[in-house]
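Me: I am new to reading protein structures. Could you walk me through a few features, one at a time?

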Amino acid sequence: MPRPSHGPLTAITDAIDDRTLAKNVHFAPDSGHILLFDQRMLLMHGFSVAALRHELVERLGLDRTRELFTRMGYQQGVADARCLREAEGGDTDDTLKRTLALGPRLREIEGFVRNQAVDRMQFNTDSGEFWGDYYWQSSWEAEAHLQHFGISGSPACWMMTGYASGFTTTMMGRPILWRELECVAMGHARCRVIGRPLEECEDSADDLSFLRIEDFVSAPRGRQSPADTPATASLPDLVGASAGFNAVAHLIRRVAPTDATVLFLGESGVGKERFSKTLHAIGPRANGPFIGVNCAAIPAELVEAELFGVERGAFTGAHASRPGKFERAHGGTLFLDEISSLPMPAQGKLLRALQEGEVERVGDTRVRPVDVRIVAAANRDLRAEVAAGRFREDLFFRLNVFPIEIPPLRERREDIALMLNVFVERYAKRFRKHIAGLTQRAAEALWAYDWPGNVRELENIVERAVILADDGGNLDVQHLFSGGERLTQPMFNLSAGGRLTRAADASAPSTGTPPDGIDAHIASLVAAGLRFDELEQRLLDHAMTRTGGNLSAAARLLGLRRGQFEYRAKKREAGAG
């Protein structure tokens, strides 16, 4: 299959240096560890994993098992891409060529397939274009599927397609989808896959089912499909492949068919309202209203009127009777955001409404029954609020029926590229712009940023970037991080004087004196005759001293991950012993 007509693309290198991989694989049988970069690896019996795959298909069905294995492969691809990029260093086309070439080779070393290029991976970092066409020979998955189920009607290399998609998505900074066109499990002589940017792939919904929460969360039995309900017509864009995202998706699927109260917990901006709307849309009340109220935005004196309604003349300014949020949500879902902000008197009345299923408007004597499902959200630790006397204990236990903790974005960075694609598409359409792609520098910056504002901040940053970017151009660092954000992890560029400097300082004039005199100090140590291993030990000791023995902080100080720091420290201790 020929590559579609594009502009000139850079092809990955043919020469693969296995030494890059070999030097990052460490076997330590005495401690029971195998490390690939700083990731712990396991040597497992292929037949037992194949048997597990078979059992999952029998228990969960083909589609659910495919989702699980594809998602697992995607996460592995993301992890390997990050490690390889850090090992190679830099963000040039040459670095990207080498790293993309090492990806298929690494999967061969891991024992999954033998890659044979039909049309090697090609890319253009300016336009965001990508293309790849490979034969997969000796596919473990295809052979296992054929052995257990015979000839299949669909491709079976689920982990490998997930891996290839996760690896190239991380490298390119935009969603890349790999599709298996031929598979040994289908009776073909060998497997064949083609990789292209997601937006160029038609009918990709089935391929992306492992990334979409709407597919994770199936409709309850005995009712119409979520696709047929009015509520699902505007389901929020929830995509992800991280373990944290999928844990939340699993819990939503379990609780959705019930009428149980759900409490979403997590930092501000993690997407609690988005998840709440999805929960409502796939639950038994999907045809009813979804009413949201931000408890922190209501003045204390108006909380009761907002929640329970008000009768005409109840207080100055009450010129007409009106229902409160509870009555408006009758038959549907009431979403109470930032529930911890409710004043104590309102908490007591809310508790009574939840227990009795009825409300009384302000200034009225009539009691009105209400039938609502309560979904609450809090960005504070409610147990701590109870202990501090700021939140009623009985109300907490009434709300804490089915708590779901949503992890912050910095703990599920694998989802950034997927959400970025959704937001870029949304705002490019709104502002009538065409965005070609994302630069490698921008992709690195998005990964390095700490995301204090979580998903909400990511969406705002993308909206701003689309406005600032040229029509037909790429999103770059200056478009994304122009609102005063600070990158907490160092990114390096070459300054005009040829010095290695932090990206934020690359345009600053060189004074010849590095920060804190670090370069001068190192130069003096080298001049004194210290060898590299002695310099390394000095750096490790210095980092531990500066951080008071905190391994994680010491690793961050040196730009390492904790596993890398521990490995170096143990190696030095073993050498000293």
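Reply: Gladly; we will go through a helix, some salt bridges and a sheet. Keep in mind that this is a predicted model.

Me: Let's begin with helix α6. How many Å should its residues span, and how far apart are its end C-alpha atoms?

Reply: The general idea first: an α-helix has 3.6 residues a turn, so residues three or four places apart point the same way. Now the case here. Helix α6 covers residues 158-172, and at 1.5 Å a residue its 15 residues should span 21 Å. The end C-alpha atoms are 21 Å apart, which agrees.

Me: Is α6 largely enclosed or left open by the rest of the structure?

Reply: It is largely enclosed, because 15 of its 15 residues are buried.

Me: What about charged side chains? How many salt bridges does the structure hold?

Reply: In general, side chains of opposite charge can pair when their charged atoms come close. This structure holds 27 salt bridges. One of them pairs E444 with R82, with the closest N and O atoms 3.5 Å apart. This pair links distant parts of the chain: E444 sits in helix α16 (residues 440-448) and R82 in helix α3 (residues 62-88), 362 residues apart.

Me: Which residue forms a salt bridge with E327?

Reply: That is R368, and the closest N and O atoms are 3.7 Å apart. E327 lies in helix α11 (residues 325-328) and R368 in strand β13 (residues 367-369), so the pair ties together parts 41 residues apart in sequence. Both E327 and R368 are buried.

Me: And how do R390 and E385 meet?

Reply: Their side chains form a salt bridge, 3.0 Å from N to O. R390 is partly exposed, at 46% relative accessible area, whereas E385 counts as buried at 8%.

Me: Last, the sheet. What is the order of its 5 strands?

Reply: Reading across this open sheet, the order is β1-β5-β6-β8-β7, with antiparallel pairing. β1 (10-11) and β7 (176-182) stand at the edges with a single partner strand each, so one side of each is left without a neighbour in the sheet. β7 is joined to strand β8 (residues 191-197) by 6 bridges, and the two run antiparallel. There, L177 stands opposite R196 in β8.

Conventions
Residues numbered from 1 in each chain as written. Predicted model: local features only at pLDDT ≥ 70, side-chain atom pairs only at ≥ 80, totals over all residues. Heavy atoms only, no water. Helix = DSSP H or I, 4+ residues; strand = E, 2+ residues; numbered from the N terminus. Expected span 1.5 Å × (residues − 1). Buried < 20%, exposed > 50% of the residue type's maximum accessible area, 1.4 Å probe, protein only. Salt bridge = Lys/Arg side-chain N within 4 Å of Asp/Glu carboxyl O. Pairing = 2+ DSSP bridges.
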